[in-house]
Amino acid sequence: MTIAESPGAGPNWIFPVTPAANESVYTVSDFQGFSWLPVLYAPKGESPQISWNQSLAKSISFKNFNRTVIIHLRNNYKWSNGKPVTARDVEFYIWLLKAAVKISPSNFGNYTPGLFPDNLSSMGTPNNYTLVLKLKHTYNPNFLELSQLGVLEPLPTAAWSKTSLHGRDIPFNNIRNAEKIYNFLAGQSKKLATYGTNPLWKVVDGPYVISSFDPSTDGCSFVRNKRYTGFGRPHINKVVEVAFTSTQAEFNQLLQGKIDFGGVDFSDLKQVPNLKRHGYAVWGAPDFGFNYVVYNFKDGTNDFGHIIGQLYVRQALAHLQNEPAVIKSPAMFDGAASQAYGPVPTSPSSPFTPKSAAHDPYPFSIAKARTLLGKHGWRKVNGVLTCEKTSCGGGIPKGTKFETNIIYGSQPAIIGQQDEAWASNMAKLGIKITLQSETFNQIISTYSDVGTNAKNRNQWGMIDFGGFTGFVYPTMNEIFNTTGSFNFGGFSNPAVDRAIHASEYSLNNSAVQKELNLETQLQPGLFQPMPDGIAAWKKSLSGPAYSFAAESQYVLEPNLWYFKK
Amino acid sequence: MTAYLIRRTIISIIVIFGVALITFLMLHVIAPSPGREVLGIRASTPSVNSWNKQHGYDRPVWAQFGTYIWDCLHGNLGYSYKLNQPVRTLIIENAPHSIWLSGSSVILSILIAVPLGIYQAVRRNTVSDQALTAAAFVTYSMPQNFLGFILIDLLAIKFNIFPAEAAQTEKVLPYILNWHANFLPIATLTLTSVAAYSRYMRSQGLDALAQDYIRLARAKGLNEPAVLRRHLLRNAFLPMITLIGVSIPVLLGGNLVVETLYNSHGLGLLFYNELLQYDFNTVIALTLLAGVATVVGNFVADIALTIADPRIRIS
């Protein structure tokens with residue numbers, strides 16, 4: 001079968017310890033994931049939870065206030081060289097991870113200093129199928145399973161614990177050797193032209209094994225792992241991932257019927273009926289992430305930092321966003337998005353969604369926004385909303401004008417369109433907004449980090465680069481906590497800090513709901529609709545519904561698919 | 001002649017050095033911390049700092065530039081951290097596709113446009129000239145992507161005569177030999193170029209027809225085909241040599257629109273994608289390459305013109 005790669009996002013790193021520079025869902029889930037399986041498999045379709053059927057672990061238990069984690073592996077998985085997949089193979093992975101981050105923190109894309117593997121005090125394998133991890137702290141069980149331990153995956157010790165292609169195995173369980181092995185394997189992963197032939201990459205425990213790779217396009221093909229013993233043995237013998245230069249080029253191939261499964265870009269939504277006529281099924285859902293406009297709480301220009309620091313202002317701004325209209329608009333999402341009032345969108349359904357985020361706490365209403373601002377002393381003076389009381393709260397002096405700028409990402413165009421619609425609503429109240437377009441990289445490198453970088457503080461009032469994806473466990477650590485690395489606008493609230501800490505470190509399973517509830521109420525940024533990830537596949541292609549739904553979370557499961565006759 | 005060549009070579013080196021310096025400085029100003037661009041928005045600050053140090057981006061900018069130039073002189077154009085490949089490899093992988101698509105379209109365009117332009121000049125203001133002029137204006141004013149859309153919709157999707165994408169192979173020879181798959185991208189490039197070249201050729205032809213040497217040739221009783229071939233074509237074609245010379249950067253630079261539309265991985269698309277990704281080393285290398293190609297193209301055109309036209313002498 002033929003699968004379309006996302007244009008411009010081809011995989012380029014095969015070794016499953018993926019550096020931050022190469023870390024992407026397309027490399028990890030839609031390329032490495034065909035050949036090497038995780039200990040804990042998530043998501044389950046479009047639901048952010050562990051799919052135990054698809055996991056190498058059959059169960060997991062915690063002791064000692066979650067400081068001891070015992071992972072029980074299934075005993076029916078084998079490497080393609082015939083050797084069993086054991087707990088020692090997971091231990092091998094952890095040693096390589098430790099070596100990678102010791103050499104450079106950038107060698108592991110999921111690395112956060114202090115968290116895994118730094119928080120590991122010891123590990124052991126009492127038998128072939130049991131792995132015991134002792135952690136330095138107590139962690140929330142959901143956070144542990146979905147975030148920390150979600151990275152674990154066994155690697156073939158017997159085939160990879162070496163420092164040259166034809167060398168002998170060396171012991172991996174000391175950091176010096178682990179570094180040597182890591183350097184060798186990472187070095188092999190830089191030889192893209194050899195991916196299809198290198199014997200290292202032929203030892204897999206997943207349903208498919210790589211058979212070719214084109215380094216000029218990142219197109220590749222996989223064949224069925226004939227010795228695959230796990231869940232979902234493949235029906236389709238060969239999977240070809242085709243690279244595309246643009247969404248248009250990919251869509252043309254869909255229309256010609258040359259692709260069995262591929263993404264549908266927003267620019268092609270209008271042609272979905274045409275696609276259906278050509279024999280395709282089309283479906284979409286948002287991924288586990290969120291889009292938002294970042295507020296700059298440190299902005300001294302026009303006292304905006306103080307203005308946005310007021311909860312009533314943020315609530316009023318939320319009232320000025322017309323999410324249903326933006327989603328419905330044929331010029332914007334054309335129906336292919338879900339409303340989001342906090343960090344978790346209303347769809348797909350998530351066990352972590354708090355009640356407050358299921359319904360809009362600040363529905364679109366210019367009148368309500370006007371009342372909220374008016375109650376606190378804001379009046380329109382010469383066309384500009386101005387503080388007319390001695391203080392409009394938080395030290396905003398009389399005479400302060402409500403004017404600022406929004407710097408938004410130039411791509412995709414929907415970002416700017418949403419901000420323009422929002423600014424237009426703000427203008428009706430006299431809030432003066434200057435819109436400025438910049439590239440994503442420019443926004444991130446130049447305007448972020450007002451917390452430690454004083455020169456950035458007064459350059460912007462709001463930025464909109466899009467948002468974040470891939471939060472299977474949706475704590476906003478690093479984003480809305482005071483010291484967070486991605487707390488670009490310097491939001492700070494002790495209650496949120498405590499809630500985020502509880503999401504990671506408390507034993508309470510509902511801690512993250514409490515955190516999300518608080519963030520939804522406090523609006524540390526303007527939460528925006530979450531677009532659907534849309535895919536089209538030939539109607540002759542079939543399989544369990546969840547395996548198609550998983551695509552909305554950038555996970556491809558072709559081993560579960562088959563062609564109807 | 002030798003002194004001229006030496007002078008031009010020195011000037012060319014200075015120009016290329018200037019291009020490298022300006023590009024390097026501009027990218028440094030736009031994003032002084034490449035680690036952030038390479039590792040992405042969710043990379044931790046220690047990861048970014050460590051990456052910058054590991055790759056020498058914590059050093060002063062002049063030191064970084066010095067290293068870069070030194071490496072370039074030794075054939076090392078740097079490493080694309082985004083694409084996990086040496087930049088030189090990326091260029092070698094992508095250049096043949098661009099050169100074939102653009103090169104074959106340039107040659108085809110010339111082969112079609114030169115006789116067409118001469119024909120129009122000789123038959124100026126006739127119905128056929130006006131019809132060809134109208135056709136040329138239509139294709140010339142049509143955006144390349146629009147023309148491509150029409151061709152794809154008509155010839156690929158509706159009638160299924162040609163594939164909607166260029167040949168999909170990394171190997172050069174199979175790519176070149178697959179004329180069926182490459183027909184539409186080459187046709188798109190050729191149609192737009194023919195329009196421009198034929199207008200240019202027509203104008204040159206009209207100029208040449210008014211010259212004394214044409215009248216003299218006719219007065220001497222030379223038959224019309226010989227006048228056109230020996231005197232009109234040769235003289236009118238001379239400026240085309242310059243045009244071909246300045247097309248050399250296009251051959252290497254690739255064609256972003258056509259490569260994007262027809263799913264052909266070439267240098268134009270590589271440059272565009274990596275520019276958006278702030279992939280420093282790839283962007284600088286391709287800018288340098290374009291600079292070298294421009295300088296070399298002009299240089300070659302000047303020399304070729306002196307060979308083709310004995311009236312031009314270099315001092």
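This report covers the interface, helix packing, salt bridges and local backbone features of a predicted model.

Residues are numbered from 1 along each chain as its sequence is written, and chains are lettered from A in the order in which they are written.

**Interface.** Chain A places 43 residues in contact with 43 residues of chain B. Contact means heavy atoms within 4.5 Å. The two chains bury about 3500 Å² between them. Carbon and sulfur atoms carry 53% of that area. Buried area is the accessible area (1.4 Å probe) that two parts lose on being put together, summed over both.

**Salt bridges.** A salt bridge is a side-chain nitrogen of Lys or Arg within 4 Å of a carboxyl oxygen of Asp or Glu. Between chain A and chain B the count is zero. One pair is E403(A) with K432(A), whose closest N and O atoms are 3.8 Å apart. E403(A) lies in strand β15 (residues 403–409) of chain A and K432(A) in strand β16 (residues 432–438) of chain A, so the pair ties together parts that are 29 residues apart in sequence. Helices (H or I, at least four residues) and strands (E, at least two) are DSSP runs, numbered from the N terminus.

**Chain B.** Helix α5 (residues 87–122) of chain B and helix α9 (residues 179–209) of chain B have axes that come within 6 Å and cross at roughly 35°. Axes are lines fitted to C-alpha atoms, for helices over the stretch in contact, and angles run from 0 to 180 degrees between N-to-C directions. The residues of this contact divide into 20 nonpolar, 11 polar and two charged. Ala, Val, Leu, Ile, Met, Phe, Trp, Tyr, Cys and Pro count as nonpolar, Asp, Glu, Lys and Arg as charged, and the others, Gly among them, as polar.

| Cis bond | Omega | Loop holding the proline |
|---|---|---|
| A42(A)–P43(A) | about 5° | P43(A): between α1 (25–28) and β2 (57–63) of chain A |
| S347(A)–P348(A) | about 0° | P348(A): between β12 (337–338) and α11 (366–375) of chain A |

D218(A), a residue other than glycine, has a positive phi near 70°. D218(A) sits in the loop between β6 (208–214) and β7 (219–224) of chain A.

Notes
This is a predicted model: local features need pLDDT of at least 70, side-chain atom pairs count only at pLDDT 80 or more; totals for chains, interfaces and linings use all residues. Side-chain values use heavy atoms; hydrogens and water are left out.
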